Amino acid sequence: MTAAPEHTAYPVGGMPPTRTPADTPPPADVARVRDLAVTVGHKPLLIDVDLTVRRGERVGLIGESGSGKSLTALAIMGLLPEDLAPTGSVVVTGQGPGGIARTTSVLEAGEHGLAAMRGRDVAMVFQEPMTALNPTMRVGAQVAEVMTIHRTVADRGAAARRAVELLDKVGLPDAAEAARAYPHQLSGGQRQRVVVAMALANDPALLICDEPTTALDVTVQALVLDLIVRGVEARDAGLLFITHDLAVVASVCERVLVMYGGRVVEAGPVLDVFTRPRHRYTRGLIGASDLDLSRPEGGLYTIQGSVPAAGRFPAGCVFRNRCTHATVECEAVPPWVGSGPEEGFACAHPVVHHEGGGS
Amino acid sequence: MTDVAISVRDVVRDYRRPRTSLTKPGSVVHALRGVSFDVARGQRFGIVGESGCGKSTLLRIIAGLDQPTSGSVQVGGVEISRLPERRLRFLRAQLQLVFQDPMGSLDPRMRVRDIIAEPLVAQGHRDNISRVHELLDAVGLQPEAADRFPHQFSGGQRQRISIARALAPDPRILVADEPVSALDVSVRAQVLNLLDELVQRLSLTLVFVSHDLSVVRHVCDTVAVMSRGEIVEMGPIGDVYDTPAHPYSRQLVAAAPRLQAALAGRTAAVLAAETLAARALSSNASSRNAVSRNAADSDPKPTPPTPEQTTPPPKDAP
Amino acid sequence: MNRLSRGAEAVMPPPGRRSRAGVEATLLVGGGIVAAITVLALVSLVWTPYDVGEINATERLATSSARHWLGTDKFGRDVVSLLMVGSRTTLLVGLVSVGVAAVIGVPLGILAAMVPKWWGEVLMRANDLLLAFPALLLAIMLTAVHGQGVVTAMIAIGISSIPSFARVVRSGAIGVMKTEYVVAARAAGRRPIAIALRHVLPNVGSLVIVQASVSFAIAVLAEAALSYLGLGAPPGTPSWGRMLQEGQELLFVAPRLEVFPGVAIALAVLGFNLLGDGLRDHFDPRLEDRR
């Protein structure tokens, strides 16, 4: 193991890579979601979701409440509640025992297979660090446990030593001391660092973060975001980053998928999507989130109406009841326009950008 | 002094933690360590700070829902800090609150018309249905909304209900506690526009508390930055936002991700580095602060005598 | 703090909460059982198959037959008639004692939650004292003063149920007092009494209903126990508890004399519990479909 270069004088360290770049296989899909649909009763919660994350890639998934972004993450983890019936395919490829690639078909796999995958091939960081940690266990033991479960360390002693090392790398001051603390003795930001340490402990091929900094103060957020990015970079892992905050996604990710009403409505490189949005929803969202931008008549740009409850979005284009450009045409589901699931949009009346990039 | 809506002087609020030992009393938490400021009539005054900085406590004290340990709070020229709650009826007619959580602040078992009419009923008005419809209209909701329950509305609509309730007694001052931070992005702009329009149309004085400097920048003309129970910087919002003087304000500005900046290459690593650089300054400053804490805590208005000589003195409110 | 996206949580119904249909079913079954018992009790006021005061030596301990559906007891009295008349005592004791307990316990609990913390503690310690006092002892004391009777039993059971109401309501009310809508009501200028009546009481209502159904069950059992000890309904006043007591000596000869009142008590308790759960959910406006 080689020590990761420290970027600053502060202990927000990257993780030691377990692979040197020479060993790294060419970019492979660590998560491949195709035609994923989830319904509860007759309410569609997710429809036709296509998503790919490769090694070393940071993909953002943005959307508002009810957009289905968290549900997509749970589907990849195989953590959907039992009463939800998913269809389609979700394939996760991670590094199984002995470095041999292990592929899991999440929707078909049994609980045993999923347990082997979770925390090893895919790890997840949730919004609330307090509920993600066991309040009755010392944090060091919790970090060590994820390694002993998957036998990625030789024995308990090694796990405990590695746990302290990891806690040090995520920037907990005096890691040996911190490992003996209980979650309630740490601040919110420190707790989230512990959760990140747990998630990265087994060098997963894919890290899923679901609003990891929404509950944190803004100054702590900046540091935790940096920590997550460095953690996945050092491991050449894929990152699926879920948030409602456009600015956060732009700071962290290279590629982004915009979800609304359970569908992916637009996808592409961050810079393209945010500077030249094609879908009317993406455009509206960017306008409404920009507090520096005013309408000619004064006031911020808005999207009319409110986000429907999950499963209550209109048929056809999910955005049409709030869209100022909606026509009869939008009563049919607009086809996906673009080179593939990674780049394109589904809008019958897309925003037209003239040469020069202005919108 | 007639143009001063709210005047806060040297407000200190200490809490005692519940005791954990039979012999020793619980430790004391200093939620506010001597806060002073004035809000002029018609001003849009923002208070920015992170969780635990004391901004919520300050807000409760201004609203007469909590008592300061020491110091003075005047609203409309009347001292409210020593009055028991039952003698604050005049305050309720003048100052109203909008809360952060639009679900939690609406009684789930009451219909919207009863919720909005509550401040009116409290003041002895009966038969308020026409006023309720008027208020619903003012916040952009249909009259039919009056007969529904809060859970039947979306987050943004609930916040409109909450705003309608606050406007019911025709107050002069509106105090908003993180009113948009629980809302979806696409709805946030609507609510901000609504607040903007109402404050202007009804010529209200606005006190707006938020953790988000950019929201405050959009809404307010003046801002006070709070950290650890103190106001560390105060001044016109443009100045504080563009050229923050106090290290803590710098840290807040540095850490906030902004879409345009991010697209121009301000990645998470840059954010973190800038935040840490500002924090380094901040921790130097606060260690100097801590040394002379009891000497002169922090009256933010005049330049403090010793503790912050080396950091730029906080600005005055206009 | 930002609570923007709860993702999947927003989709799923909150745990422990049932669907509309489930609530209606619970309400129907619980209400049906309670209604049936109530009808039996009312009918018994004007008609029973046989007079329960009449001792018929020739038909002692008869088994089920067309004449006596559930047979007769050791005095030859018809068990169906006894159960019908007994249901009056059971219902009366249950309702009155729960009423006594709720009328005193609920305001006490709300008061203890709303007064300054120190006074709340004093109230609750006094409450604990009452809780620690055995109901049976209280009943014996009251019997000594007022004589044996159904009224004495009701009051004794009622008083001993006060603490559980006060305790449950206080803990619920403390939670409600911390909510933002109560702060909002204070900011609107609402007086404490108005807050107690308009906000706290409706929002602890579900707890009160659940506690009432539990207390009702306890009261029915307590009445049976008191009657069994000879402290409740006096001889000659049929009650389910007294039937249990009288059947006890014949447990091995005629077990059905224990089974029938036992089943009746169990059914009544079940009915009231289901009804309580159903009512709690029925009156929760949040269970209505979102529009």
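In this predicted model, the centres of domain 1 and domain 2 of chain A, taken over C-alpha atoms, are separated by 28 Å.

**Chain A: two domains**

- The domain assignment of chain A puts domain 1 at residues 30-253 and domain 2 at residues 259-345.
- Where the two domains of chain A meet, domain 1 has 25 residues in contact with 17 residues of domain 2.
- On the side of domain 1 of chain A that touches domain 2, at least two residues each come from strand S2 (43-54), strand S3 (58-62) and helix H9 (246-252) of chain A.
- S2(A) gives the largest share of that side of domain 1, with 10 residues.
- By class, the side of domain 1 of chain A that touches domain 2 has 13 nonpolar, seven polar and five charged residues.

**Chain A: helix H4**

- Helix H4 of chain A spans residues 139-149, and its buried residues are A:Val139, A:Gly140, A:Gln142, A:Val143, A:Ala144, A:Val146 and A:Met147.
- The cover over the buried residues of H4(A) includes helix H5 (156-169), helix H6 (175-178) and helix H7 (188-200) of chain A.
- After H4(A) comes A:Arg151, which has a positive phi, near 50°.

**Chain A: residue A:Ala250**

- A:Ala250 is part of helix H9 of chain A.
- A:Ala250 counts as buried because it has 27 C-beta neighbours inside 10 Å, and the cut-off for a buried residue is 20 or more.
- Not counting residues up to four places away in sequence, A:Ala250 touches A:Val270 and A:Phe274 of chain A, and B:Leu259, B:Ala262 and B:Leu263 of chain B.

**Contact of chain B with chain A**

- Chain B puts 37 residues into this contact, and chain A puts in 38 residues.
- The elements of chain B that give two or more residues to its side are helix H5 (155-167), helix H6 (185-201), helix H7 (213-219), helix H9 (247-255), helix H10 (259-263) and helix H11 (268-291).
- H6(B) supplies nine residues, the largest share of the side of chain B that touches chain A.
- That side of chain B divides by class into 18 nonpolar, 13 polar and six charged residues.

**Chain B: overall build**

- Chain B holds 11 helices and 10 strands.
- Chain B has 318 residues, and 52% of them count as buried.
- Taking contacts in chain B between residues at least 6 apart in sequence, 67% join residues at least 24 apart.
- An unreviewed UniProt entry places the feature "domain: ABC transporter" at residues 6-253 of chain B.
- Residues 6-253 of chain B are 34% helix and 26% strand, and the end C-alpha atoms of the span lie 27 Å apart.

**Chain B: residue B:Ala146**

- B:Ala146 sits in the loop between helix H4 (129-138) and H5 of chain B.
- B:Ala146 counts as buried because 20 C-beta neighbours lie inside 10 Å, and a count of 20 or more meets the cut-off.
- Leaving aside neighbours within four places in sequence, B:Ala146 is in contact with B:Val112, B:Arg113, B:Val132, B:His133 and B:Leu136.
- B:Ala146 and B:Ile115 are 31 residues apart along the chain, and their C-alpha atoms are separated by 9.0 Å.

**Chain C: annotated spans**

- The UniProt annotation "transmembrane region", from an unreviewed entry, covers residues 21-47, 91-114, 126-145, 151-169, 200-222 and 259-276 of chain C.
- Residues 126-145 of chain C are 90% helix and 0% strand, with end C-alpha atoms 24 Å apart.
- Residues 200-222 of chain C are 100% helix and 0% strand, with end C-alpha atoms 31 Å apart.

**Chain C: a helix pair**

- Helix H5 (residues 135-146) and helix H6 (residues 150-177) of chain C have axes that come within 9 Å and cross at roughly 145°.
- The crossing of H5(C) with H6(C) is right-handed.
- H5(C) contributes C:Ala135, C:Leu138, C:Ala139, C:Leu142, C:Thr143 and C:His146 to the contact.
- H6(C) contributes C:Thr152, C:Ala153, C:Ile155, C:Ala156, C:Ile157, C:Ile159 and C:Ser160.
- By class, the contact of H5(C) with H6(C) has nine nonpolar and four polar residues, and no charged residues.

Conventions:
Residues are numbered from 1 along each chain as its sequence is written. Chains are lettered from A and ligands numbered from 1 in the order in which they are written. This is a predicted model: local features need pLDDT of at least 70, side-chain atom pairs count only at pLDDT 80 or more; totals for chains, interfaces and linings use all residues. UniProt positions are given in the numbering used here, feature names are shortened, and annotations may be inferred rather than shown by experiment. Helices (H or I, at least four residues) and strands (E, at least two) are DSSP runs, numbered from the N terminus. Two residues are in contact if their C-beta atoms, placed from the backbone, lie within 7 Å. Ala, Val, Leu, Ile, Met, Phe, Trp, Tyr, Cys and Pro count as nonpolar, Asp, Glu, Lys and Arg as charged, and the others, Gly among them, as polar. Domain bounds come from an automatic or database domain assignment. A residue is buried if 20 or more other C-beta atoms lie within 10 Å of its own, exposed if 12 or fewer, and partly exposed in between; C-beta atoms are placed from the backbone. Axes are lines fitted to C-alpha atoms, for helices over the stretch in contact, and angles run from 0 to 180 degrees between N-to-C directions. A crossing is left-handed if the near helix is turned anticlockwise from the far one by less than a right angle, and right-handed if clockwise.
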